[in-house]
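Work through these exercises with the model open beside you. Try each task before reading its solution.

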Amino acid sequence: MDLTQLQYFQILAREENMSRAAEKLHVAQPAISASLSRLEKELDARLFDRKGRKIVLNSAGKIFLDFTDRVLGDLEQTRRLLDRQKSQDCDELTIACNSYMSTQEMFFTYMSTRPQLRLKQYSIASASIGTELRQERCDFAVSTIPIRSDELGSCILMKQDMGLIVNADHPFAGRPWIDLAEAAGENFVCMQQGTAFRQTTDEMCCRAGFEPHVIMEYFPSQLMRAVERSKGVALGIYYRERQIYFDTILRFIPIREPHFQREVTLLWKKEREKERVIRDFIEFAKQFKNEET
């Protein structure tokens, strides 16, 4: 008995159809038939009842399927553990982010003290973060929307104030703060519809008593250029990386009312907290947060 026989049997048991199983396994149908015959001979038991051209898993087959699922499931878990061990040996972290700008300084600082570290980042939709962490497709996630789960650990890295971004020659440019209602007549540059950030900015405008007149929708990396070229205004977050823009071309004006703070949260799967690489980054993130505040 070998793993190929078990894999063929598992798919065949689920499909209960020889041709569909062959298609799913990308093999010829006779190969599955031969594998099943050898397996039944080794077990000295029939695993399927034949009803015309249809095959149906019988009671012996159901017992063997339970065994097969456990064996193949344990094998997959072992492979994941071995892959994770390799990752720990070379200090590799994979981080899913729904916002890059917020945490780049933290990542760069962490990497500067760990020259052997390999850090991978990828963009993710907010709704997929929990699934990615639970299925261990990533080690950590950075989220700007609340995600609550008993399976996940979390640490709030920072709280960011929302402000109005305008050109340096705009009448609002010299203001130390602004009430958002004062911008009701302005042309707005906004994030594309359907994003969590756009939902937040629309809600802020609603609380201020108006619906924004949107003249342009942008991708996150285009914000500064979009405001500059369109001569419109935008709701946004202040980042150090944008300091050169706010010192020259644009201005960031804190919003007094309605006041909004966005929380940037680091998330991880609690089951993995005993892993050295995971534990090390959690401790660093908490220390970095305290130093920043």
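Predicted model: local features only at pLDDT ≥ 70, side-chain atom pairs only at ≥ 80, totals over all residues.

**Exercise 1. A cis peptide**

Which residues does a cis peptide bond join, and where is Pro258 found?

Solution. Step 1: Check omega. It is about 0° for the bond between Glu257 and Pro258, a cis peptide bond.

Step 1: Locate the proline. Pro258 is in the loop between β11 (250–257) and β12 (261–269).

**Exercise 2. Salt bridges**

How many salt bridges does the count come to? Examine the pairs of Glu92, Arg137 and Arg272.

Solution. Step 1: Apply the cut-off, a Lys or Arg side-chain nitrogen within 4 Å of an Asp or Glu carboxyl oxygen. The count comes to 19 salt bridges.

Step 1: Take Glu92 and Lys120. Their closest N and O atoms are 3.5 Å apart, and the pair forms a salt bridge. Glu92 lies in strand β3 (residues 92–97) and Lys120 in strand β4 (residues 118–123), so the bridge ties together parts that are 28 residues apart in sequence. Glu92 is buried at 14% relative accessibility. Lys120 is partly exposed at 43%.

Step 2: Take Arg137 and Glu132. Their side chains meet in a salt bridge at 2.8 Å, N to O. Arg137 is partly exposed, with a relative accessible area of 48%. Glu132 is buried at 12%.

Step 3: Take Arg272 and Glu275. The N to O distance in this salt bridge is 3.0 Å. Arg272 has 5% relative accessibility and counts as buried. Glu275, at 10%, counts as buried too.

Step 4: Look for a network. Salt bridges link Glu15, Arg20 and Lys24 in one.

**Exercise 3. A nonpolar surface patch**

Which residues form a nonpolar patch on the surface?

Solution. Step 1: Pick out Ile244, Tyr245 and Ile249, which form the patch. Together they have about 260 Å² of accessible area.

Step 1: At 31%, Tyr245 counts as partly exposed.

**Exercise 4. The largest pocket**

How much space lies in the largest pocket, and which residues are closest to its centre?

Solution. Step 1: The volume is about 950 Å³.

Step 1: The lining has 39 residues. Closest to the centre of the pocket are Asn98, Ser99, Thr144, Met191 and Arg262.

Step 2: Assign elements. Those giving two or more residues to the lining are α7 (196–207), α8 (223–230), β10 (234–237) and β12. β12 gives the most, with five residues.

Step 3: Sort the lining by class. It has 19 nonpolar, 14 polar and six charged residues.

Definitions and conventions
Residues numbered from 1 in each chain as written. Heavy atoms only, no water. Helix = DSSP H or I, 4+ residues; strand = E, 2+ residues; numbered from the N terminus. Buried < 20%, exposed > 50% of the residue type's maximum accessible area, 1.4 Å probe, protein only. Patch = residues over 30% accessible without salt bridge, like charges linked within 9 Å, V, L, I, M, F, W, Y side chains within 5 Å. Areas by Shrake-Rupley, 256 points an atom, 1.4 Å probe, with all protein chains shown as cover. 1 Å grid on protein atoms, 1.4 Å probe; cavity = no way out; pocket = protein on both sides within 12 Å on 5 of 7 lines; lining within 4 Å. Points joined across faces, edges and corners; volume = space filled by probe spheres on them. Nonpolar A, V, L, I, M, F, W, Y, C, P; charged D, E, K, R; others polar.
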